[in-house]
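Here is a short briefing on the structure shown below. Look it over first, then read on for the strands and the chain contact.

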Amino acid sequence: MASDPPIPSAHASAEGPSAGIVLDDLAIQRALTRIAHEIVERNDEPARLYLVGIPNGGVPLARLIAQNLREIAGVDVTVGVLDTTLYRDDLLARGVRPRLRKTEMPSAVDDRSVILVDDVASTGRTIRAAMDALMDFGRPRTVQVVALVDRGHRELPIRIDYVGKNIPTRRGDHVELRARPGGEGMEVVLMQGASGGSS
Amino acid sequence: MMGRGLLAIEDLEREDIELILDTAFHMKEVGQREVKKVPTLRGRTIINLFFESSTRTRTSFEIAGKRLSADVVNFSPSSSSLTKKESILDTAKTLDAMDPDAVVIRHQVAGVPKQIADQLTAPVINAGDGAHEHPTQALLDLMTVVEEKGRIDGLTVTIIGDIAHSRVARSNIYAFTKMGAEVRVAGPPTMLPAAVECLGVKAFRSLREALDGADVVMALRIQLERLGGALFPSVREYSATFGIDRAKLRFAKDDAIVMHPGPVNRGVELSNDLANRRPSVILDQVRNGVALRMAVLYLLAGQKHGGPSEA
């Protein structure tokens, strides 16, 4: 478990013309606690829950939600990691192949209430890929989706069940979960006008 | 670097090798799933063009392609018009017109995959050409060593056998030296190329010295059928001098592993007992071969020359 893929650090990220913090660490913690409460509310058998983080950002978030669920409901929820790269619909059009990331599904998904966890939801294509990947691992009872940020621009009929925060963006903006510069914790930044924001 | 195919380890940078290995380890996880198939290369066509027979490598590439959902077509000379004296290049052009997304080629003559690659728009993967290179074998060997030792850098690797006529040896010499290992070769003088030190390796005629402190002992297949005994007096003598058994393995490090590209001539390069169990990792090499070839196909298939993919 020590080798989760790192989320970007503030220093490594290319800062756009204007980068603003839209969620600080405290706001992220509060959102995840609220989401954990909502998950307990909507799933009457917490023992069936199975959190699946989508790398990279979804993985630390899934672990934090699991920690919240332990405190709220006293359950040890399974946490998995599911890379969606091999299921993307734009792989061969892109030329250079993206690097693969870790997949680690510690137990079967059959008959479990799977909750996919992503950092930033937008077009819905990552969630689509994640659902296809998940189905190859078995037949979950239900599949629900958490996104820390929903930035809109959906291109597929996909609904996010648990949203940390809705953030209106323009198409060219870039929203990213990253490690807080020089310290513990995470933050979500919005970089306006930068290109390449699809999640 | 990787855009135009994989013809030789000699052409690769260390970063290319690291990317391929990293990808291969992820592909290995796919092979351990209940559904060992991902839709990545759906609708893509891979042609296995094997002029020289090879069930093992061809099957490995075929499984790799199928696990990525590609359509894999096997094309071998006995079943093709090559027997009707069609030239290799005509065959290549014919195949190209069928618009494959990758072509995997094995040929008994060094350089043929490169020659064909120059005629094709699809990327070519060399599956072994004469005594030149067998890049995917070397990459799967690297992968197996990383799995066993956690690294390549600083290891001592001893390759034993017919170094001069072995494409496996040549690719592995490039691969392991590029990744920072010390490579030694050992064999009868008739099997050591004259200027083998130019490749950055140390040559030994004494097995004992070559094995001293080795982390990896790689025995090559002696091509009994090909040589007819011309390069060494007798199989028995070769086996007594250079065949690896548990007694000779004591010269190497205590935790040394034994590798072999297969198929093993039992009792010649390796004792029967070593061929069967640890510290030999022969079946791990085969297992990793599928994952490694999936990685290569993932990184290359569909990357047509002159397309937008040249990066």
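**Strands and contact**

His107(B) has Asp129(B) as its bridge partner in S5(B). Helices (H or I, at least four residues) and strands (E, at least two) are DSSP runs, numbered from the N terminus. The model is predicted: local features need pLDDT of at least 70, side-chain atom pairs count only at pLDDT 80 or more, and totals for chains, interfaces and linings use all residues. Residues are numbered from 1 along each chain as its sequence is written, while chains are lettered from A and ligands numbered from 1 in the order in which they are written.

**Sheet of chain B**
- Strand S4 (residues 102–107) and strand S5 (residues 124–129) of chain B run parallel and share four bridges.
- Two strands pair if DSSP finds at least two bridges between them.
- Five strands form an open sheet in chain B, in the order S1-S5-S4-S2-S3, with parallel pairing.
- Strand S1 (5–6) and strand S3 (71–75) of chain B are the edges, each pairing on one side only.

**Strand S4 of chain A**
- Nine of the nine residues of strand S4 (residues 113–121) of chain A are buried (20 or more other C-beta atoms, placed from the backbone, within 10 Å of their own), so the rest of the structure largely encloses this strand.
- Strand S2 (residues 49–53) of chain A pairs with S4(A) in parallel over five bridges.
- Leu51(A) faces Ile115(A) in S4(A).

**Contact between the chains**
- Chain B brings 15 residues and chain A twelve residues to the contact (C-beta atoms, placed from the backbone, within 7 Å).
- H1(B) gives the most to the side of chain B that touches chain A, with four residues.

Definitions and conventions. Two residues are in contact if their C-beta atoms, placed from the backbone, lie within 7 Å. A residue is buried if 20 or more other C-beta atoms lie within 10 Å of its own, exposed if 12 or fewer, and partly exposed in between; C-beta atoms are placed from the backbone.
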